[in-house]
Amino acid sequence: MYTFWVAVLVLSFTTLGKTSQVPLKHNDHDDEYPPLESDTDLWNLHDAPFENSTSHLIFDTINSLLQHWTNTRYRNGYTIVPATIPAGTILYHGTYFNGIPINPEWVATDAEHARCFCFGRGTADNNRGCWQLTLVVKSPLKILYFDGSSAAKLEDGPMDTQDILLWGKSRPDMLLAKDIRICKLCDWGSKYGIHGFMRMEMGFEIMLCNFSKDVEVVSFLNLATDLVLPPDVLPDPSNVSICETLEDPPLPQPTHRPRLPIPKNIRLGMVFDSVEVGTWHNYYPGDTRITLDLSRAISFYDIDLFPSLVPLRHGKERWYHRVDGLSTKDVQTLRNRLDEILAEDQWEHATSVDWRAQFHVITNRYAERLEILRYMVTNITDTQRAADRAFDQLRKLLSPYRLHTAVPDNVPLTSSRKTSNHSWAIPVFKLCATTHTDYLSKLPNLTPSEEILLSAMVDVNKEICRVVVKLWAEGVERGLIPWKEVVTSENELRELLDGWKNEVDILMKWLDWGVWARCPEPCGPEEMCYMPTWPFFTDLSPNISPGNAHILLEQPSRPWLRPQPRCIRKISPYDDIFT
């Protein structure tokens, strides 16, 4: 039966036109491994992933959860994950009045993020400061996390997952209806005992449903601020519950709202502080104050659960993947799945696998080494030296798996890279592709979510190993190993290196890991590498801020759709953050 499992695994890679993933199943009678040298046809080093594979997309979205960089680069979220905020966690709420919110409101995980909303209400001559409420979590808070830049008020998809959950379709008319959104989410989540919803903009925020439940006040400080706004810009605080009086659809929004009269130097300092703290969580492990339960994660890249999205994504780059357009049937599938994973007894489920750590092992092992390999086969001045160095890098990548017995046998050492099947290297391929996942595939009682995660991990690891082993085998057959006396011409080496560059480029484009998205040039000592962050894309107004970012929707061009990292100043003046 193990052979059957291997066949299923490989067919998920090689069957063209199939639109469903085959999750890996545990077999209680699977106790024996077949010989590593068998099943040549099932381990073909020339078989790339099938066209509709989403394993790499599931892998990268899961691997990037709670990390600011990739979720800023790809703003349209594709994952919903139950999570908890542990006791003792500090949360911040910036406001303009001295009163504990009685309605659902937003809290930030970093104080500088909350400070963006800590306005004084009055005039420059009558500055009474602003208010910062600091809370501590008394007992774990149950939350639901939407990945991507899910707090970005853009029509292009960042809020799709929330809209689909609430209304079954994207609602551009609800983009600015923040009170309706938070009230409806909290009302929907109440039957599951959910305390709030986590999203991301320049930092991470929690839509907290009740400020008097499972949190307590640490301090409520009247802070000094230069962010003073007139009373007609800031509404009077509500002393009654607003959720029962809100209208859906909302009342028409004014075409032009008053733009906040914040002096430029103050505005830029506020902007940079909020952006800077977001970068603290750019890469793994991200914001560690949140505990994700990936055994209950829902990925919209799961082809079995959401087949209606397959044709909508076809031919589109990842920037443009959206959940909008999910079929009525798939919307119901989502709601049924949420009912299952959010049931009261499911919050006590503890997976035995740290999936984030497992995924990170793969990226940590290969990210930098693949990047170096690409450099070696791209920047060539001496062909022989480049080939030797690249081959040495391939040997290093495979060092735990290069069996002593894995050598060419009855294969011409000068055979074409297009005709050799490199069958002698299959044992190395198998070891590389299965070492990290064989044990996991045999664990009993994996949840459906965990089976999808395992399938993604298996497929991604297998494709990396397929390419690396294939290139290494070609190097061996071309005589790049020191103990083989094979004369390879300059033209043959150049052809070999060109092929390697093409293979590595295709692999890295397919993987598309965020750690490879860097500023074109190293940033200076007074600079940092910055991924353009909502709503600070461009200086559309001298007074742009999170409070009036709807101005972005009025712009005919949208350069933020494909954000590219660039260097900005991290010491005043901060003028280049908008350029």
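Biologist: Before we start, what counts as a disulfide here?

Modeller: A disulfide is a pair of cysteine sulfur atoms within 2.5 Å. Keep in mind that this is a predicted model.

Biologist: Okay, so what makes C186 and C209 a disulfide?

Modeller: Their sulfur atoms sit 2.1 Å apart, and the cut-off is 2.5 Å, so the pair qualifies. The link of C186 and C209 is left-handed, with -90° about the S-S bond. C186 is in helix α6 (residues 178–190) and C209 is in the loop between β8 (204–208) and β9 (215–223), so the bond ties together parts that are 23 residues apart in sequence. Both C186 and C209 are buried.

Biologist: Why is the disulfide of C118 and C130 called right-handed?

Modeller: The torsion about its S-S bond is about 95°, so that disulfide is right-handed. The chain parts it links are distant: C118 lies in the loop between α4 (111–115) and β4 (120–121), and C130 lies in strand β5 (residues 130–137), twelve residues apart.

Biologist: How do you know that C118 and C130 are bonded?

Modeller: Their sulfur atoms are 2.0 Å apart, and anything within 2.5 Å counts, so they form a disulfide. C118 and C130 are both buried.

Biologist: What about C519 and C529, right-handed or left-handed?

Modeller: Right-handed, with 110° about the S-S bond. C519 is in the loop between α15 (490–511) and β13 (527–530), while C529 is in strand β13, ten residues away. The S to S distance is 2.1 Å.

Biologist: Why is C519 called buried?

Modeller: C519 has 13% relative accessibility, and buried means under 20%, so C519 is buried.

Biologist: And why is C529 called partly exposed?

Modeller: C529 comes out at 24%.

Biologist: What makes C116 buried?

Modeller: Its relative accessible area is 2%, and the limit is under 20%, so C116 is buried.

Biologist: How many disulfides are there, and how do they pair up?

Modeller: Six disulfides. With the bonded cysteines numbered in sequence order, the pairing is 1-2, 3-6, 4-5, 7-8, 9-11, 10-12.

How values were computed
Residues numbered from 1 in each chain as written. Predicted model: local features only at pLDDT ≥ 70, side-chain atom pairs only at ≥ 80, totals over all residues. Heavy atoms only, no water. Helix = DSSP H or I, 4+ residues; strand = E, 2+ residues; numbered from the N terminus. Buried < 20%, exposed > 50% of the residue type's maximum accessible area, 1.4 Å probe, protein only.
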